[in-house]
Amino acid sequence: MKKIYFLEYITYFLLVILIVIIASWNSIISPPETIPRIIPTLIYNIPLLILMIKLRRNKFSTYIMTSYTMLLYFVIGIGNTTSEKTLILGVVLAIISLAIFSSSILYVREKSKLLVQDST
């Protein structure tokens, strides 16, 4: 299997895992007490769902946008580690978002190498 296909699949797979973790945490494991469960689930997952739909097209710019969005989720994960109640979620968010960031950046690198080779 080519490296670019592996990076494509791992990015998509980790994005799906991140969506499932956020949805299950906010709706089942530790739902918020003051607002309905669906609100934080939607707020956190709508950008990820948009990225998931766009990643199916395998556009170069979508992987760049994914890497920038994962930096935001990394910051959210680090912010969640400050509270005792959301420590586990914060660590998991930080690790998975960092893995998605790395795989999407490596995908962009490999894709740009292929484009340079094809043009020469």
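Visitor: Helices here are DSSP runs of H or I with at least four residues, numbered from the N terminus. Which place does asparagine 45 have?

Guide: Asparagine 45 sits in helix 2. Bear in mind that this is a predicted model.

Visitor: Noted. Is asparagine 45 buried or exposed, and why?

Guide: Asparagine 45 has a relative accessible area of 6%, and buried means under 20%, so asparagine 45 counts as buried.

Visitor: Let me step back. How many helices and strands does the protein chain have?

Guide: There are four helices and zero strands. Along the sequence the pattern reads α-α-α-α.

Visitor: What box do the C-alpha atoms fill?

Guide: Roughly 60 × 25 × 25 Å, taken along the principal axes. Of the 120 residues in the chain, 34% are buried.

Visitor: And among contacts with a separation of 6 or more, what share comes from residues 24 or more positions apart?

Guide: Those pairs account for 64% of such contacts.

Visitor: On to the core. How many residues are in the largest nonpolar core, and which have the most contacts inside it?

Guide: The largest nonpolar core has 21 residues, and Leu15, Leu18, Ile22, Leu48, Met70 and Ile100 have the most contacts inside it.

Visitor: Which helices supply at least two residues of this core?

Guide: Helix 1 (3–29), helix 2 (38–55), helix 3 (60–80) and helix 4 (87–119) each do. Helix 1 gives the most to this core, with eight residues.

Visitor: Take leucine 15. What does leucine 15 touch, not counting residues up to four places away?

Guide: Leucine 15 touches Leu48, Leu51, Met52, Leu55, Met70 and Ile100.

Visitor: Now packing. How do the axes of helix 1 and helix 4 cross?

Guide: The two axes come within 9 Å and cross at roughly 155 degrees. Angles over 145 count as roughly antiparallel, so helix 1 is roughly antiparallel to helix 4.

Visitor: Is that crossing of helix 1 with helix 4 left-handed or right-handed?

Guide: Helix 1 passes helix 4 in a left-handed crossing. The residues of that contact comprise 20 nonpolar, three polar and four charged.

Visitor: At what angle do helix 3 and helix 4 pack?

Guide: About 160 degrees, with the axes of helix 3 and helix 4 8 Å apart. That angle makes helix 3 roughly antiparallel to helix 4. Helix 3 also passes helix 4 in a left-handed crossing. By class, this contact has 19 nonpolar, eight polar and one charged residues.

Visitor: What about the axes of helix 1 and helix 3?

Guide: The axes of helix 1 and helix 3 come within 13 Å and cross at roughly 35 degrees. The crossing of helix 1 and helix 3 is left-handed.

Visitor: Which residues of helix 1 and helix 3 meet?

Guide: From helix 1, Glu8, Thr11, Leu15, Leu18 and Ile22 meet Tyr63, Met70 and Tyr73 from helix 3. The residues of this contact divide into six nonpolar, one polar and one charged.

Visitor: Change of topic: where does arginine 37 lie?

Guide: Arginine 37 is in the loop between helix 1 and helix 2. At 49% relative accessibility, arginine 37 counts as partly exposed, because exposed means over 50%.

Visitor: What does arginine 37 touch, not counting residues up to four places away?

Guide: Asn26, Ser27, Pro31 and Pro32. As for serine 24, arginine 37 is 13 residues from it in sequence and 10 Å from it in space, C-alpha to C-alpha.

Visitor: Where is asparagine 26 placed?

Guide: Asparagine 26 belongs to helix 1 and is buried, with a relative accessible area of 8%. Beyond its neighbours within four places, asparagine 26 is in contact with Pro31, Pro32, Arg37, Pro40, Thr41 and Tyr44. Asparagine 26 and leucine 42 are 16 residues apart in sequence and 9.5 Å apart in space, C-alpha to C-alpha.

Visitor: Last one. What phi does asparagine 58 have?

Guide: A positive phi of about 55 degrees, although asparagine 58 is not a glycine. Asparagine 58 lies in the loop between helix 2 and helix 3 and counts as partly exposed at 25% relative accessibility.

Terms used: Residues are numbered from 1 along each chain as its sequence is written. This is a predicted model: local features need pLDDT of at least 70, side-chain atom pairs count only at pLDDT 80 or more; totals for chains, interfaces and linings use all residues. Side-chain values use heavy atoms; hydrogens and water are left out. A nonpolar core is a set of buried Ala, Val, Leu, Ile, Met, Phe, Trp, Tyr and Cys residues joined through side-chain atoms within 4.5 Å. Buried means under 20% relative accessible area, exposed over 50%, partly exposed in between (1.4 Å probe, protein chains only). Contact means heavy atoms within 4.5 Å. Axes are lines fitted to C-alpha atoms, for helices over the stretch in contact, and angles run from 0 to 180 degrees between N-to-C directions. Angles under 35 degrees count as roughly parallel, over 145 as roughly antiparallel, 65 to 115 as roughly perpendicular and the rest as oblique. A crossing is left-handed if the near helix is turned anticlockwise from the far one by less than a right angle, and right-handed if clockwise. Ala, Val, Leu, Ile, Met, Phe, Trp, Tyr, Cys and Pro count as nonpolar, Asp, Glu, Lys and Arg as charged, and the others, Gly among them, as polar.
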